[in-house]
Amino acid sequence: MSKCTTTYTLTTVAEDCLLSKGGITELYVTKFNELTDGFYTVDGEDITIDAEKMGTVYQIFVRPNQTQYTTDYQSETANGLPVYSTTLSFNMMRMNKEKRIEVMALLSNEIAMMVKDKNGEYHFIGASASCEAVDGTVATTGLSKADINQYSVNLKCDEAFLPIILTDTEAEAIKSKITA
């Protein structure tokens with residue numbers, strides 16, 4: 001028995017014989033309050049992004065094998081709405097003053113973000129609700145020479161849909177708004 005009506009249609013998904021690689025290779029952030037009305041549009045099963053309706057974009061350079069996101073599904077029993085809870089975790093190796101300031105800015109702002117995975121797909125997280133810092137270790141110097149010296153950042157966003165898979169055109173339009 002169905003709990004609710006949905007606009008999504010079940011279809012057969014073909015077997016995928018391509019390799020799949022985990023991890024994030026690029027990270028871009030913007031302030032959530034700089035996304036204006038109409039930034040994203042839902043048309044049935046399709047969600048599109050209009051980069052002209054967003055503010056300045058900043059690129060955060062991430063090291064290989066140091067960044068990932070996970071999305072968990074929850075059903076809000078009170079109102080029957082789905083919640084997709086996405087957490088992006090990344091590390092900034094070798095602590096210094098410049099990275100400290102950047103981490104402080106990330107931890108104190110509500111943001112939206114775009115990531116590129118190792119398969120070449122761009123994902124947008126935080127279109128409908130802001131991403132905010134969540135508890136966790138922020139800085140560690142390590143104990144010995146072989147230990148990691150880094151900042152660690154965890155950003156979480158609860159939205160009504162999975163992270164949006166962008167077209168190359170949408171991703172390039174967002175990247176064109178990068179400010180150094």
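## Strand β1 and its partners

In this predicted model, strand β1 (residues 24-31) pairs with strand β4 (residues 58-60) in the antiparallel sense, and three bridges join the two. Within this pairing, Leu27 has Ile60 of β4 as its bridge partner. Strand β1 also pairs with strand β7 (residues 111-117), again in the antiparallel sense, over seven bridges. Here Glu26 stands opposite Lys116 of β7.

Strand β2 (residues 40-43) runs antiparallel to strand β3 (residues 46-49), and four bridges connect them. Asp43 is placed opposite Asp46 of β3. The hairpin has two residues between its strands, and Gly44 adopts a positive phi near 65°.

## Aromatic pairs

The count of aromatic pairs is three. One of them joins Tyr40 and Phe161 in an edge-to-face arrangement, with 5.5 Å centre to centre and 65° between the planes. This pair links distant parts of the chain, since Tyr40 belongs to β2 whereas Phe161 lies in the loop between β11 (150-159) and β12 (164-166), 121 residues apart. Tyr40 has a relative accessibility of 28% and therefore counts as partly exposed. Phe161, with a relative accessible area of 10%, is buried.

Another pair is formed by Tyr73 and Tyr84, whose rings are tilted, at 5.3 Å centre to centre and 55° between the planes. Tyr73 lies in strand β5 (residues 67-75) and Tyr84 in strand β6 (residues 82-93), so this pair ties together parts that are eleven residues apart in sequence.

Glu159 is located in strand β11. Glu159 is buried but has no salt bridge, and the nearest side chain of opposite charge, that of Lys156, is 12 Å away. A polar atom of the Glu159 side chain does, however, lie 3.0 Å from the backbone nitrogen of Ala127.

## Confidence of the model

The mean pLDDT of the protein is 88, with 89% of residues reaching 70 or more.

How values were computed. Residues numbered from 1 in each chain as written. Predicted model: local features only at pLDDT ≥ 70, side-chain atom pairs only at ≥ 80, totals over all residues. Heavy atoms only, no water. pLDDT = per-residue confidence, 0-100. Phe/Tyr/Trp six-rings, centres within 6.5 Å; stacked < 30°, edge-to-face > 60°. Buried < 20%, exposed > 50% of the residue type's maximum accessible area, 1.4 Å probe, protein only. Pairing = 2+ DSSP bridges. Lys, Arg positive; Asp, Glu negative; His and termini not counted. Salt bridge = Lys/Arg side-chain N within 4 Å of Asp/Glu carboxyl O. Polar contact = N/O pair within 3.5 Å; in protein donor to acceptor, adjacent residues only side chain to side chain.
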